[in-house]
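I opened this notebook to record what I looked up in one structure. The entries below follow the order of my reading.

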Amino acid sequence: MNLTDRIVVVTGGAGGIGAALSRRFAAEGAAAVVVADLDADAADAVAEAIGPIAHPIALDVTDEEQVRELVADTEERYGRIDLFCANAGVTTGGGVEVDDAGWDRAWRVNVLAHVYSARAVLPGMLARGGGHLMHTCSAAGVLTAVGDAAYTATKHASVGFAEWLAITYRDRGIRVSALCPQGVDTPMLAGGIVEGHLGARVIAASGAVLTPDQVADAAIAGLAEERFLILPHPEVADYARRRAEDPDGWQAGMRKLIRRLTA
């Protein structure tokens, strides 16, 4: 995808990776960038910093009606949506002890929000014969988020859903990408480290922690090549191969890392 003159929507667009994507899409020549976020003030600030092509909107991605209204408003305002980035995500920082409310929130933000946006945006894209969906799924979707059971399960589900979309709609002109970064210097990771979450400590110890702008660079390259799996950390591909070839050995290595960090 060439971003020049494109109409782009980014959910979770007011911070971290979402804000970096929004800025980068604008720099690449997008005609409009819709910055959608639960934090309306933060969305306003990002849009103001980008300039006139940015349009902020308050959005709860777990509310399907709000997602439908976002898509309808954008299509009415700009005539179409070329790229929809379902980027919002949440962690829990816990395991099976996380209560049902925590599991439900992770499911609704990390998976159902992707379903809602696809339901809303696909009819217009299919009618026009083209469009691109990019879902931020995390390396946890192809590996495991140690210390966060709900994040692991829901991110695996989000990768699976993205792959289903890619297989189902590619021949009808729809491109789908799963953006799967590992460690990124965002409030999500920083907060987890401060709170002592095991998963955040494992991520910090497992390789490079990229800036959101570096993730945006990788996203732009992946979109240009119409890749399904976009890996800002290339080593994740090696990890995934090792995990597939020797699941027991991979798990033993992860347990060893945990023992070292918790000794």
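**Backbone entries**

I began with Asp-5, which is partly exposed at a relative accessible area of 49%. For these classes I used under 20% relative accessible area as buried, over 50% as exposed and partly exposed in between, with a 1.4 Å probe and protein chains only. The model is predicted, so I noted that local features need pLDDT of at least 70 and side-chain atom pairs count only at pLDDT 80 or more, whereas totals for chains, interfaces and linings use all residues. Residues are numbered from 1 along each chain as its sequence is written, and side-chain values use heavy atoms, with hydrogens and water left out.

Asp-5 sits in the segment before strand S1 (7-11). I took helices (H or I, at least four residues) and strands (E, at least two) as DSSP runs numbered from the N terminus. Phi of Asp-5 is near 65°, a positive value in a residue other than glycine.

I then turned to Ser-138, which also is not a glycine and has a positive phi of about 80°. Ser-138 lies in the loop between strand S5 (131-136) and helix H5 (149-169). Is Ser-138 buried or exposed? Ser-138 counts as buried, at 10% relative accessibility.

**Annotation entry**

I checked the UniProt record, an unreviewed entry, and found the annotation "domain: Ketoreductase" on residues 6-184. UniProt positions are given in the numbering used here, feature names are shortened, and annotations may be inferred rather than shown by experiment. Over residues 6-184 I recorded 49% helix and 18% strand, with the end C-alpha atoms 27 Å apart.

**Charged patches**

I looked for surface patches, made of residues with over 30% relative accessible area and no salt bridge, like charges being joined within 9 Å. Lys and Arg count as positive and Asp and Glu as negative, while His and the chain ends are not counted.

Which residues form a patch of negative charge on the surface? I found Asp-39, Asp-41, Asp-44 and Glu-48 gathered there. Asp-41 belongs to helix H2 (residues 40-50) and counts as exposed at 62% relative accessibility.

A patch of positive charge on the surface gathers Arg-255, Lys-256, Arg-259 and Arg-260. I located Arg-259 in helix H10 (residues 247-262); Arg-259 is exposed, with a relative accessible area of 51%.

**Salt bridges**

I noted that side chains of opposite charge can pair when their charged atoms come close. A salt bridge here is a side-chain nitrogen of Lys or Arg within 4 Å of a carboxyl oxygen of Asp or Glu. The structure holds 12 salt bridges.

I examined Glu-65 and Arg-68, whose closest N and O atoms are 2.4 Å apart in a salt bridge. Because the two are three residues apart in helix H3 (residues 64-78), about one helical turn separates Glu-65 and Arg-68. Glu-65 is partly exposed at 36%, and Arg-68 is partly exposed at 40%.

Asp-82 forms a salt bridge with Arg-80, with 3.0 Å between the closest N and O atoms. I recorded Asp-82 as buried at 9% relative accessibility and Arg-80 as partly exposed at 27%.

Glu-226 lies in the loop between helix H8 (212-224) and strand S7 (229-230) and Arg-175 in strand S6 (residues 174-179), so the pair ties together parts 51 residues apart in sequence. Glu-226 is partly exposed at 32%, and Arg-175 is partly exposed at 21%. I also noted one network, in which salt bridges that share partners join Glu-64, Glu-65, Arg-68 and Arg-119.

Key:
Patch = residues over 30% accessible without salt bridge, like charges linked within 9 Å, V, L, I, M, F, W, Y side chains within 5 Å. Areas by Shrake-Rupley, 256 points an atom, 1.4 Å probe, with all protein chains shown as cover. Charge placed at Lys NZ, Arg CZ, Asp CG, Glu CD.
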